[in-house]
Amino acid sequence: MEDLERKIGYQFKNKALMKEAITHSSYAKERKSQHIKYNERLEFLGDAVLSIVVSDYIFKHCPELPEGELTKLRASLVCEKSLFEFAKIIDLGKYLILSKGERNNGGAERPSILSDAFEALIAAIYIDGGYEPASKHILNFVIPTIKNSKTKKNKDYKTTLQEIVQKNPGEKLEYVLVAESGPDHNKHFVVEVHLNSNVIGKGGGRSKKEAEQQAAHEALELMGY
């Protein structure tokens, strides 16, 4: 438990809360005990704390996004897939208290169990230390994820090129497949991007989309972007 505390950067005053957060219901059922606390109730609270922290952060730090985009971004950050990835960063499965059967069946690596435990851990920090440490814990994972997402969006060269071209009404952008080779399992495509029928970039890839992105990338470089 001390090892996990070091990983999350928070030291619990009430160690029982932390133990409850990492205890799965299968463990209590295996021992047929009504006295062993497990993490389902904490998961409920953690879900709410997670939602408000993420909502507050993206509302303040993504002023360019309309309500619909904020909703989509929040959903992507609080979904099981993201929480599973966050849990893996701190190797949470290693610390979970599971029944022997659940452990042997791969419960420590199951996305649903790990994401639930991550939410329960949020609640435990919130109850033990309040909003600030819970928020800090959540944002340690959320902020890098948002930054990575923005970086990926910036690498959408086709969109960037389209936005530049659209500033000049009447300009026409077109992607033309000029070559295709290789067997079905290992295809290679070559695409040219044309501006008013003039070739301004060329790219290749294992899919048409990848080739188009590379062509757009070359065009942006040639245009000085």
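Is Ser197 buried or exposed in this structure? Ser197 is exposed, with a relative accessible area of 62%, where exposed stands for over 50% relative accessible area, buried for under 20% and partly exposed for what lies in between, using a 1.4 Å probe and protein chains only. I will come back to that residue after the overall picture.

Before that, a word on what we are looking at: this is a predicted model, in which local features need pLDDT of at least 70 and side-chain atom pairs count only at pLDDT 80 or more, while totals for chains, interfaces and linings use all residues. Residues are numbered from 1 along each chain as its sequence is written, and side-chain values use heavy atoms, with hydrogens and water left out.

Let me begin with the whole chain. The protein chain holds 11 helices and 3 strands, and its order along the sequence is α-α-α-α-α-α-α-α-α-α-β-β-β-α. The radius of gyration of the protein chain is 24 Å, well over the 17 Å that the globule rule gives for 225 residues, so the chain is more spread out than a compact globule. Helices here are DSSP runs of H or I with at least four residues, strands are runs of E with at least two, and both are numbered from the N terminus; the radius of gyration is taken over C-alpha atoms, and the globule rule is 2.2 Å times the number of residues to the power 0.38. Along its principal axes, the C-alpha trace spans about 75 × 45 × 30 Å.

As for burial, 38% of the 225 residues of the protein chain count as buried. The chain exposes about 13,400 Å², of which carbon and sulfur atoms supply 51%, the areas coming from the Shrake-Rupley method with a 1.4 Å probe. If we take contact to mean heavy atoms within 4.5 Å, then among contacts between residues at least 6 apart in sequence, 50% join residues at least 24 apart.

At 1.5 Å a residue, the 22 residues of helix H4 (residues 40-61) should span 32 Å, and its end C-alpha atoms are 32 Å apart, which agrees; the expected span is 1.5 Å times one less than the number of residues. The buried residues of H4 include Gly46, Val49 and Leu50, and those names return when we turn to Ile122, which sits in helix H8 (residues 111-129). Ile122 is buried, with a relative accessible area of 0%, and, not counting residues up to four places away in sequence, it touches Gly46, Val49, Leu50, Ala134, His137 and Ile138.

The next region is helix H11 (residues 208-222), which has 15 residues and reaches 21 Å from its first C-alpha to its last, close to the 21 Å expected at 1.5 Å a residue. Its buried residues are Ala211, Glu212, Ala215, Ala216, Ala219 and Leu220, and what covers them includes helix H10 (157-165), strand S1 (173-181), strand S2 (188-195) and strand S3 (198-205). Within H11, Ala219 is buried, with a relative accessible area of 0%; leaving aside neighbours within four places in sequence, Ala219 is in contact with Leu161, Val193, Ile200 and Gly201.

On strand S2 we find Phe189, which is buried, with a relative accessible area of 10%. Leaving aside its neighbours within four places in sequence, Phe189 is in contact with residues including Leu177, Gly203, Lys208 and Ala211. Phe189 and Asn148, by contrast, are 28 Å apart in space, C-alpha to C-alpha, and 41 residues apart in sequence.

Finally, the backbone. Most residues other than glycine have a negative phi. Ser197, in the loop between S2 and S3, has a positive phi of about 75 degrees although it is not a glycine. Asp91, in the loop between helix H6 (80-89) and helix H7 (100-104), also has a positive phi, near 55 degrees, and Asp91 is partly exposed, with a relative accessible area of 34%. Just after H11, Gly224 takes a positive phi of about 90 degrees.
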